[in-house]
Amino acid sequence: MKNPPRTQLDLFTPAAPPAEMSSEERLKAVVLLQSLLVEAASVPGAGLWSRKRREAGDEQDYR
């Protein structure tokens, strides 16, 4: 007997509804997120390392 066909779930449908937050909790979370983003943005060269790194591959250097 064949299994019934499976349907693909929507990629953007949340698996669980977002948690309810009070206004105090939301304000605290926003302040913490903002400080985290400022800290991450202030690190010198934070995003450059991944761009400078070469990917490993099968290419050879033909000079």
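1. The accessible surface of the chain amounts to about 7300 Å², with 58% of it belonging to carbon and sulfur atoms (Shrake-Rupley method, 1.4 Å probe). This is a predicted model, in which local features need pLDDT of at least 70. Residues are numbered from 1 along each chain.

2. Of the 63 residues in the chain, 0% are buried (under 20% relative accessible area; exposed is over 50%, partly exposed in between). The chain holds two helices and zero strands (DSSP runs of H or I, at least four residues, and of E, at least two).

3. Helix H1 has 20 residues and reaches 28 Å from its first C-alpha to its last, close to the 28 Å expected at 1.5 Å a residue (1.5 Å times one less than the number of residues). Because zero of the 20 residues of H1 are buried, H1 lies largely in the open.

4. Leu33 lies in H1, which covers residues 23-42. Leu33 counts as partly exposed because its relative accessibility is 47%.

5. Leu33, Leu36 and Leu37 form a nonpolar surface patch with about 300 Å² of accessible area together (residues with over 30% relative accessible area and no salt bridge, nonpolar side chains joined within 5 Å and like charges within 9 Å; a salt bridge places a side-chain nitrogen of Lys or Arg within 4 Å of a carboxyl oxygen of Asp or Glu).

Key
Predicted model: local features only at pLDDT ≥ 70, side-chain atom pairs only at ≥ 80, totals over all residues. Heavy atoms only, no water. Buried < 20%, exposed > 50% of the residue type's maximum accessible area, 1.4 Å probe, protein only.
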